[in-house]
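Me: Can you walk me through this one? I'll ask as we go.

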Protein chains: 2
Amino acid sequence: MGSLEHPNSAPADPPSSVPEFNPLDPEEFRKQAHQMVDFIADYYKNIESYPVLSQVQPGYLRARLPETAPYRPESFDTILNDVRNDIIPGMTHWLSPNFFAFFPATVSSAAFVGEMLCTAFNSVGFNWLASPAATELEMVVMDWLANMLKLPKIFMFSGSGGGVIQNTTSESILVTLIAARDRSLNTIGSDKISKLVVYSSDQTHSTFKKACKIAGIFPCNIRTIPTTVDTHFALSPVLLRMTMEADVSSGYIPLYLCATVGTTSTTSVDPLQSLADVANDYGVWLHVDAAYGGNACICPEFRHFLVGIERADSLSLSPHKWLLSYLDCCCLWVKRPDLLVKALSTNPEYLKNKPSESDSVVDYKDWQVGTGRKFKAVRLWFVLRSYGITNLQSHIRSDVRMAKMFEGFVRSDPRFEIVVPRLFSLVCFRLTRCVCSELGDTETMNRKLLEWVNLTGQVYMTHTIVGGMYMLRFAVGTTLTEERHVIAAWELIRGGVDKILKGC
Amino acid sequence: MGSLEHPNSAPADPPSSVPEFNPLDPEEFRKQAHQMVDFIADYYKNIESYPVLSQVQPGYLRARLPETAPYRPESFDTILNDVRNDIIPGMTHWLSPNFFAFFPATVSSAAFVGEMLCTAFNSVGFNWLASPAATELEMVVMDWLANMLKLPKIFMFSGSGGGVIQNTTSESILVTLIAARDRSLNTIGSDKISKLVVYSSDQTHSTFKKACKIAGIFPCNIRTIPTTVDTHFALSPVLLRMTMEADVSSGYIPLYLCATVGTTSTTSVDPLQSLADVANDYGVWLHVDAAYGGNACICPEFRHFLVGIERADSLSLSPHKWLLSYLDCCCLWVKRPDLLVKALSTNPEYLKNKPSESDSVVDYKDWQVGTGRKFKAVRLWFVLRSYGITNLQSHIRSDVRMAKMFEGFVRSDPRFEIVVPRLFSLVCFRLTRCVCSELGDTETMNRKLLEWVNLTGQVYMTHTIVGGMYMLRFAVGTTLTEERHVIAAWELIRGGVDKILKGC
């Protein structure tokens, strides 16, 4: 490392030897940024040559880096060398075409240049006046995407609702939960917070429980409805109604239901229509978390998963998961923006201005946890325009086609079984009990297989356990994945099974 | 706009005419990104030619853009043209050297290329294994910065604490408040949440109240201690003790105190030592919000503002405000990471892995609101290494020198007065009552002056009201600001006064 020699204090020679400091000289900026573009383009070109899952051990980096920041500047080339030698070996390469773990985080050239522009402006759009274009483009883009999803007007600015870009699903759930909570507490009184009950299934993303804890919902009032393999791990409206009924009978107040379109473990879809029946009967805020699955609904053939959405109060989905937009990008639509604003608004003197006071504008600071915010919409705007609806639909369909292909491979090999039906581009599968029983229990053998595959560095997959069943997850969809990668992954997995079953 | 012709549905000719879709072709990526680098470098070169404060009217952009996303792709050049014609006129140019509003949001070439790399990797570092380098570099960089600030070891990973990069101060306050709240509720029981009381001054950032509301602190339990001009709007330890004492006598439980080093209105500094005495006496979590002022403490001559920090529980400061790092970047250090993790951890099956279970690694998802997170540290790492401590100190000192110069201008003109002492690079000033009284009241005349200045588009300043006094804020410090800009701004302001006082 170039900085080992630099102590955290002034060296003996006088600082006057340092040249005049101009950290945003446009020509220096141009030079370094061009160099970085080439570095990144080469990284993408060679990404297949890296192990997908990093093979380093905990603590590897601290041992390589100095204990303090350098006192004097270091050259761009020195730092870039360290990226090559110290950082890249410690990366798990999420953009590798051989990454089939979790859900993919998708990207594109258009989103990259859009993000460069967002960074470059560095505008802080807490209110309209501080960055009019940032606020207005976000409103436009959120309406565009709502249109692509065939959402009803009640979720759009062109209707009576509106959308906002949050960083993550966690924030989308948190802010809508706060809006629902405060609407309720404003009627019944703050001291009744102990009576508020929230609902989800045992397949709902863990961040829901975290949001509830942050919002001060009593831990004992977070109901987790069990699901079963018979209903493909979807939330049962019958069980939900029974649970709410019991709560009401015991003097509790049902507050918020989080339904999911495409759960994290197996992409199961909760039945929105029937859940809305229950939610509406009990006056509960219905939020739909469609972080992954919702993206597919820009294709008419998947849109049925959102049937009933017009009866929900809010919907979130993350284009960074499937619409090529880089992190972070979670779109949240609400029917009643006024409830968000009421719960989250602040109005300090130093931010007061005429447009905000005239109520003619949206101040996005009142739709989110923080105050400051970047020019978030420009990235998504670049994606939607550069590719058009047609290419984005093709991209979704291509991933689903590859997942179907993988599913076909699995079905063609009698040693494997598909554990839950494939709905989108995730395949949940495992070695059958029958095959495993010769050498060990099903879970152990499947764990061994996963570990073997991931240790090769050629493919990265992850696992889950649902309904007591351990299973492997093969999620297709990084931007660079082609059929040949899926075929090679399957060959690798088959080879692994041969080895495992031979007890190697 | 190039997309006006594209309806939100398939056109008559068949989609097969669309070429194969490859949204991350390395050579296409290279071409577009190089083009964008030049676009941005030129923007920075010409930034002085734009009105600092956007002159558009609410709704300007919606009127210019189509109602739906295009069905077919549009060219990069078309979109870039629309950025020029439709977006840039609607920007308030935060990076203009003539931006003196709010606090500056500072940037640099090094941070830009670091952010390009962060974007490019698109790694989702929710836990160590998902991106080892991302987690470990953040730990190293947070210790580096702690060292630069001469924080005690108890806030560092090399000691018993640790740091994390949050997006904003709001999140830093929220997560520490949750940690404090749950530590308390775990002892006294969830149903005692109605007894928990939090404290700040009337100068504390408005986001504190928002965080308290989100965390379910009862609105009536948020104490806002008044400050006065006599103590330069610093929080009084005497009043704080009286308030806490009264609360305890009434059966309430003091929970959390938010002190500030560099308040948003006037950069006043709360006396940490004496506040820590009170906080420690009542077992209250002491958080120090040093979002702006803390950055200056990398210079020995400003470090005294943090005296007493070793007795706080947590500290946050935002390098995006003064350490050239672009948005978003808020550094949070805590003495007891275990309390954050206890309050915010989730452990779903699909994220389980050996390193996390061995407790040998940090999983940053348990230090924040969300689950996913980008490779946040790489940007700050580029800044610290590219410039070194010496240049960052120079940058702080240069801004303070320019603010002092402006202060000198104000003092030399008897029509103006400095309202509160300048501590960092913000000058709070106004036309005196005496000068104004000929034409109107002080507030009206100063408002008129501000409006006149901002409408020129040549300079952007903002105002505040503290202790009933309306004042103008002149915050020096965008990366591109030089002495000549400060001098020109002062000339403009003087010219404005001449006009205003003549009743023009």
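Reply: A helix here is a DSSP run of H or I with at least four residues, numbered from the N terminus. With that, A:Leu239 is found in helix H8 of chain A, residues 237-249. Note that this is a predicted model.

Me: OK. Is A:Leu239 buried, partly exposed or exposed?
Reply: A:Leu239 is partly exposed, at 32% relative accessible area.

Me: Switching to sheets. What's the strand order in chain A?
Reply: S1-S7-S6-S5-S4-S2-S3, an open sheet of seven strands with mixed pairing.

Me: Which strands stand at the edges, and why is one side of each left without a neighbour?
Reply: S1 (162-166) and S3 (222-225) of chain A. Each has a single partner strand, so one side of each has no neighbour in the sheet.

Me: And how many degrees does the twist average?
Reply: The average is 20° from one strand to the next.

Me: How do S2 and S4 of chain A run, parallel or antiparallel?
Reply: Parallel. Four bridges join S2 (residues 196-201) to S4 (residues 253-260) in chain A. In one pair, A:Val198 has A:Tyr256 of S4(A) as its bridge partner.

Me: What about the sheet in chain B, what order there?
Reply: In chain B, seven strands form an open sheet, ordered S1-S7-S6-S5-S4-S2-S3, with mixed pairing. S1 (162-166) and S3 (222-225) of chain B are the edge strands, pairing on one side only.

Me: How many bridges between S5 and S6 of chain B?
Reply: Three, in the parallel sense, between S5 (residues 285-289) and S6 (residues 314-317) of chain B. B:His287 has B:Ser314 as its bridge partner in S6(B).

Me: Now a loop. Where does B:Ile88 lie?
Reply: In the loop between helix H3 (76-87) and helix H4 (109-121) of chain B. B:Ile88 is buried, because its relative accessible area is 6%, and buried means under 20%.

Me: Last one. Which domains does chain A get?
Reply: Domain 1 (15-90), domain 2 (153-342) and domain 3 (388-501), from the domain assignment. The centres of domain 1 and domain 2 of chain A, taken over C-alpha atoms, are 41 Å apart.

Terms used: Residues are numbered from 1 along each chain as its sequence is written. Chains are lettered from A and ligands numbered from 1 in the order in which they are written. This is a predicted model: local features need pLDDT of at least 70, side-chain atom pairs count only at pLDDT 80 or more; totals for chains, interfaces and linings use all residues. Side-chain values use heavy atoms; hydrogens and water are left out. Two strands pair if DSSP finds at least two bridges between them. Helices (H or I, at least four residues) and strands (E, at least two) are DSSP runs, numbered from the N terminus. Axes are lines fitted to C-alpha atoms, for helices over the stretch in contact, and angles run from 0 to 180 degrees between N-to-C directions. Buried means under 20% relative accessible area, exposed over 50%, partly exposed in between (1.4 Å probe, protein chains only). Domain bounds come from an automatic or database domain assignment.
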